[in-house]
Amino acid sequence: MIWTNWARTVSVTPVRQEQPASADELSDAVRRAVKEGHQVRVVGGGHSFSPAAATEGVQLNLDRMTALHRVERDPDTGHALVTVGAGMRLRQLNQVLAERGLAMQNLGDIDQQSVAGAISTGTHGTGARFGGLATRVRALTIVGPDGEVTRATSTEHHDLFEASRLGLGATGVLSTVTIEAVPAFDLHAVEDVLPVERVFEELGHLVDETDHFEFFWFPTANRVQTLSNTRVEASADPGGHMGVGRRLRRMAAAARTFVDEEVLSNTALELANRTATAFPAVTPTLNAVAARALRPRTYTAPSYEVLCTNRRVRFRETEYAVPRALVVDVLREIDGWLRRTGENVPFPMEIRFAPADDVWLSTAYGRDTAYIAVQQYWRLPYSRYFDAAERIFTAVGGRPHWGKLHTRDAEYLEGQYRRLPDFRRVRDAADPEGVFANPYTRRVLGG
């Protein structure tokens with residue numbers, strides 16, 4: 001059976017794929033693979049562009065390990081520790097939380113990943129005060145190469161916890177994940193189209209004064225789409241009751257979102273990219289038209305409905321975390337390269353923001369961060385574009401997203417992650433024979 005990821009950048013034939021449905025079955029699957037001399041990797045939603053999940057050994061799929069195990073509420077703060085099966089998809093997690101009056105503090109822009117895959121590769125959203133998903137992890141259960149299960153927290157097996165909450169699955173297989181959720185909230189979303197130079201000039205204010213700010217920039221266009229999302233009180237109680245007026249407004253917002261996402265974004269973007277593929281000379285015009293065609297809109301909806309979108313147009317992506325203070329300089333350099341070369345790129349860049357955190361292998365470790373996602377339509381070549389962007393990113397100490405395409409190796413990454421030696425020490429103790437390794441983890445983590 002050939003396994004292929006969503007972006008069609010990785011295809012591999014594992015010796016077999018197993019789908020354990022319980023912790024005992026998961027332990028047995030690992031023991032069996034080790035006894036037969038196979039390496040083990042776990043696949044979630046397949047949304048990593050990098051070969052993080054690839055293996056010619058045993059590939060474990062945790063789609064049957066999606067149970068809600070427990071919810072422990074703090075009556076003083078309203079926060080809750082929510083423990084779920086590691087294979088639960090983010091979309092299901094969002095629904096589980098919403099039904100209990102809870103929400104994730106922050107989310108990325110898609111919800112198709114598994115919980116384990118999202119935290120293990122460093123999935124993040126945007127917001128100057130809200131870190132990536134791994135920053136909200138409070139406990140893990142991890143299956144080692146001997147099939148034994150270890151519970152790790154910040155106080156119990158501390159180093160294993162730090163290495164495993166964002167560790168590419170290199171320390172073992174995550175069985176359950178405990179995440180700190182917050183009381184449910186809505187987001188007041190304001191989408192606008194602004195001159196790129198104005199956004200650059202006002203970027204500090206836009207990022208710091210908005211809970212969740214990001215923008216999309218079609219290459220060489222002079223206007224960008226900004227997304228500014230502000231937290232407001234949830235309009236429904238955990239049971240879903242709301243007034244008729246609020247319900248009608250929610251329905252109207254949902255209908256408008258469907259039109260904007262499915263018709264104006266996905267359908268139009270697919271058509272524009274197919275046109276640019278067939279007729280490269282028209283790409284600058286298409287990008288300018290796309291930037292002008294975007295229209296402002298304002299709506300309010302539950303946080304997960306605003307933060308997560310349906311992205312149906314297939315693409316390839318490299319994304320780097322750069323020091324926030326340098327983001328405008330980096331973007332100007334990428335724009336200059338695109339203008340000089342005339343590279344055929346009909347897909348927008350996405351720019352997001354995050355605060356410094358203390359997760360060992362987080363791309364935001366120790367510094368306020370801007371993320372620049374460089375994307376290309378899947379039918380078009382991407383190597384020259386991505387290589388040029390990568391040279392610009394690495395010149396300022398950029399850190400590649402672990403789940404996106406890049407060419408960095410452990411030698412480069414050692415200069416970016418001062419805790420990488422600590423990570424390797426923990427990994428080597430947890431998995432001395434490299435059962436959970438693959439060529440990608442060896443390249444980026446060393447050993």
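Buried residues account for 56% of the 447 residues in the protein. The model is a predicted one. Its secondary structure comprises 14 helices and 19 strands. The C-alpha trace spans about 60 × 55 × 40 Å along the principal axes. The radius of gyration is 22 Å. A compact globule of 447 residues would have a value near 22 Å, so the protein agrees with that expectation.

Contacts were examined between residues at least 6 apart in sequence. Of these, 73% join residues at least 24 apart. The accessible surface of the protein comes to about 18,300 Å². Carbon and sulfur atoms contribute 52% of that surface. Charged side chains number 52 positive and 55 negative. The centres of these two sets lie 4 Å apart.

Aromatic side chains were considered next. The structure holds 12 aromatic pairs. One of them joins Trp 337 and Tyr 385. This pair is stacked, with 6.2 Å from centre to centre and 10 degrees between the planes. The planes count as stacked because their angle is under 30 degrees. Trp 337 belongs to helix α10, residues 327-341. Tyr 385 belongs to helix α11, residues 383-394. The pair therefore ties together parts that are 48 residues apart in sequence. Both partners were checked for burial. Trp 337 has a relative accessible area of 11% and is buried. Tyr 385, at 1% relative accessibility, also counts as buried. Both values fall under the 20% cut-off for burial.

Aromatic residues also form a cluster. Trp 6, Phe 49, Phe 315 and Phe 347 make up one such cluster.

Asn 61 was examined individually. This residue is found in strand β5, which covers residues 58-61. Asn 61 has a relative accessible area of 8%, so it is buried, the limit being under 20%. Residues up to four places away in sequence were left out of its contact list.

Note on methods
Residues numbered from 1 in each chain as written. Predicted model: local features only at pLDDT ≥ 70, side-chain atom pairs only at ≥ 80, totals over all residues. Heavy atoms only, no water. Helix = DSSP H or I, 4+ residues; strand = E, 2+ residues; numbered from the N terminus. Rg over C-alpha atoms; globule rule 2.2 N^0.38 Å. Buried < 20%, exposed > 50% of the residue type's maximum accessible area, 1.4 Å probe, protein only. Contact = heavy atoms within 4.5 Å. Areas by Shrake-Rupley, 256 points an atom, 1.4 Å probe, with all protein chains shown as cover. Lys, Arg positive; Asp, Glu negative; His and termini not counted. Charge placed at Lys NZ, Arg CZ, Asp CG, Glu CD. Phe/Tyr/Trp six-rings, centres within 6.5 Å; stacked < 30°, edge-to-face > 60°.
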